[in-house]
Amino acid sequence: MQYRWILGLLLCILLAGVAVAFSVELKTETNGANLKKPSELTARELKAIYKKYNVSENDIKFATGKLPHYLESYLPDSYVVMGKLGPNGTVEEWIDVKAADHFRELGIRVLNASEFLAIREEARKAYIEKYGVDPHNPKVVLVEGVPIPKEYVRKLAEKYAGRYLDGGLSQDFADQQLKITSSEATATGPQIKNGALYLWIVEATGSERPTNEDYFDATLDAYGRFQVFNSGASLNWYFINYWDASDVTSGKLKDYLEDLKQDMGSWRSWYNDGDPQNDIMIGWIKSADDRYCGYAYINGYYSVGVTESGHYTCWLIPLNLVAQHEISHNFNAKDSTSCWEHDRCIMNYCWVTLGVDTWCDSCWNRINVNINGISDE
Ligand SMILES: [Zn+2]
Ligand SMILES: [Zn+2]
């Protein structure tokens, strides 16, 4: 009881913090901009904002995709990376030999985790030196088609959070996949099997390709948090960068999710231990015309995330929380949309906008029985 009371107090303080930050901003954002939506800003107001946030020509070019991709001269167009997470979330070596052979036959370069991370870091440094833009944390992002400083969008998100919070991160969406039938009362969805779980991290190509590369580390951070459900399990991952999502014309995340499953689903069925039940897949796209930051099948194998959402609330939620929330859905955790009517939890929209990266007891138990194949509770 006392815990709840303290929590309530803490909430008031946090909410007040947001309100104060916002009212201060109203006074300081005096260049006629007053936190307008990006699409409503005049050219003059936009210029004033760029000046205030020290935005360079290259920051804008990066956000609008007019600079080369930072890995362009370091890696071929298509490649695959394999690795696993150590007990404390560190990246370790792991190669799926069968998959590696197959990828090589297709002419796709195979990299191990440390090779990839080293190349990434080298390319990132060179890019910062050449263009003054950090591709892992760009200053300017594209929202409503307008290049706008990330900090400005966060402030906008705080302003609109109350109105949009009931929208949320994702939506219940029954997986239409054939259920694996079993005579035992065991979980039918994705689960740790043969002592391992496999996460396929998939990047979209072309105009859907994320420019903000922060999502990759964010996904690994999120994935590593699932080790608490089975400390002995090996958390392996693949990264592949050639999902063609251009045939999705609706801009809706549920359609991107379906497309990911159709286009990329076969990868997860053929490799590692040959058992697709321990293979889940998360796809990342740059933007979507939707009010969700991510979308997932509940008790299913796929999820998608957006790196530069036009839905402002998403800018209050770091991508590692988006990934953790969506992967939790795969293990049958459900959304909680009502503010504060849920213990502190990654599955509740209010808590997640405050940066909570843990599960409440009830969501924890639900994931635990599903991820360990105990039951579909
Ligand atoms: Zn959700
Ligand atoms: Zn919960």
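Predicted model: local features only at pLDDT ≥ 70, side-chain atom pairs only at ≥ 80, totals over all residues.
Residues are numbered from 1 along each chain as its sequence is written, and chains are lettered from A and ligands numbered from 1 in the order in which they are written.

**Entry 1: strand 7**

I looked up strand 1 (residues 79-85) and found that six bridges join it to strand 7, the two running antiparallel; in this pairing Gly83 has Trp237 as its bridge partner in strand 7. I then turned to strand 6 (residues 196-204), which pairs with strand 7 in the parallel sense over eight bridges, and there I found Ile201 with Phe239 as its bridge partner in strand 7.

I also traced strand 6, helix 7 (residues 214-224) and strand 7, which make a right-handed β-α-β unit; a crossover is right-handed if, with the strands pointing away from the viewer, the path from the first strand over the helix to the second runs clockwise.

Finally I checked how covered strand 7 (residues 234-243) is, and eight of its 10 residues are buried (buried if 20 or more other C-beta atoms lie within 10 Å of a residue's own, exposed if 12 or fewer, and partly exposed in between, with C-beta atoms placed from the backbone).

**Entry 2: Ala196**

I looked up Ala196, which lies in strand 6, and I class Ala196 as partly exposed because 19 other C-beta atoms lie within 10 Å. Leaving aside its neighbours within four places in sequence, Ala196 is in contact with Ala233, Ser234, Asn236, Asp273 and Asn278 (in contact if the C-beta atoms, placed from the backbone, lie within 7 Å). The C-alpha atoms of Ala196 and Gly232 are separated by 8.6 Å, and these residues are 36 residues apart along the chain.

**Entry 3: two asparagines**

I found that Asn299, although not a glycine, has a positive phi of about 55°, and that Asn299 lies in the loop between strand 9 (294-296) and strand 10 (302-306). Asn299 counts as buried because 22 other C-beta atoms lie within 10 Å.

I also found a positive phi, of about 75°, at Asn332, which is not a glycine and lies in the loop between helix 9 (319-330) and helix 10 (349-353). Asn332 is buried, with 23 other C-beta atoms within 10 Å.

Terms used
Helix = DSSP H or I, 4+ residues; strand = E, 2+ residues; numbered from the N terminus. Pairing = 2+ DSSP bridges. Contact = placed C-beta atoms within 7 Å.
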